[in-house]
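Please read them alongside the sequence and the coordinates.

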Amino acid sequence: MKVSKKFWLIIGIIILAVVLGSLVRTYVQQAGEQEQLRTSLAAQQTLLRKLTTDEANLENDWEQAESLLNTSQAKFPGSVESIEYGEDLFEIAGDCNLQVTELTPSMPADKKVGAVTYSVATFVVKVSGSMDNILDFVYAMRTGDGFELPWSAHVKGISIATGEEMEATITLDIYAYRR
């Protein structure tokens, strides 16, 4: 059986059409994938620019927060002892039936006396109450009577204001032993 040229021509055209169809289909798929990749790349580049801007803003916020923290820390005594002294002062005022209306500590500083180094902090304490109670508070600060505290105070100044209720402003140095 002899196959005619027409048959081979039809087979060739069919094979060529199948190959061309496959190539066109592959080209269309690849073109679609390329478009998806371009879209994705553009979105990623936009996201990268946004993240870079966000990072710069966050670094700026971080620097501002650190600056604010440093400024705030400079306003407050750096020593935990100041907080403990303040708690003791509130307790002593409570024992003397006084109300502490203001407490302003200074930064503790080291003071060397002979071979011993003391931590010294100046406190301004405003209390209100009766004159007898204010005098009891000043006496307690001056002598340390009745208090088991790891520090001693030196009263530097007292200012008493009279009015409906007596108010005293007491300036004192608190000495604590430092090892």
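1. At 10% relative accessibility, D173 counts as buried, where buried means under 20% relative accessible area, exposed over 50%, and partly exposed in between (1.4 Å probe, protein chains only). D173 lies in strand β5; helices (H or I, at least four residues) and strands (E, at least two) are DSSP runs, numbered from the N terminus.

2. This is a predicted model, in which local features need pLDDT of at least 70 and side-chain atom pairs count only at pLDDT 80 or more, while totals for chains, interfaces and linings use all residues. Residues are numbered from 1 along each chain as its sequence is written, and side-chain values use heavy atoms, with hydrogens and water left out.

3. The side chain of D173 makes a polar contact with that of T122, at 2.6 Å. A polar contact is a pair of N or O atoms within 3.5 Å; within protein, one must be able to donate a hydrogen and the other to accept it, and residues adjacent in sequence count only if both atoms are side-chain atoms. Leaving aside residues up to four places away in sequence, D173 touches V120, A121, T122, S152, A153, H154 and K156, contact meaning heavy atoms within 4.5 Å.

4. The largest nonpolar core has 24 residues, and F123, V125, V127, F137, I170 and L172 have the most contacts inside it. Such a core is a set of buried Ala, Val, Leu, Ile, Met, Phe, Trp, Tyr and Cys residues joined through side-chain atoms within 4.5 Å. At least two of its residues come from each of α2 (80–95), β3 (116–129), α3 (131–143), β4 (151–161) and β5 (166–178). The largest share, six residues, is supplied by β5.

5. V125 touches L89, V100, E102, L103, F137, A168, T169, I170 and L172, residues up to four places away in sequence not being counted.

6. Strand β1 (residues 99–105) pairs with β3 in the antiparallel sense over six bridges; two strands pair if DSSP finds at least two bridges between them. V100 has V127 of β3 as its bridge partner. Strand β2 (residues 109–113) also runs antiparallel to β3, joined by five bridges, with A109 opposite V120.

7. In the hairpin of β2 and β3, which has two residues between the strands, G114 takes a positive phi near 65°. N97, although not a glycine, has a positive phi of about 60°. N97 is placed in the loop between α2 and β1 and is exposed, with a relative accessible area of 59%.
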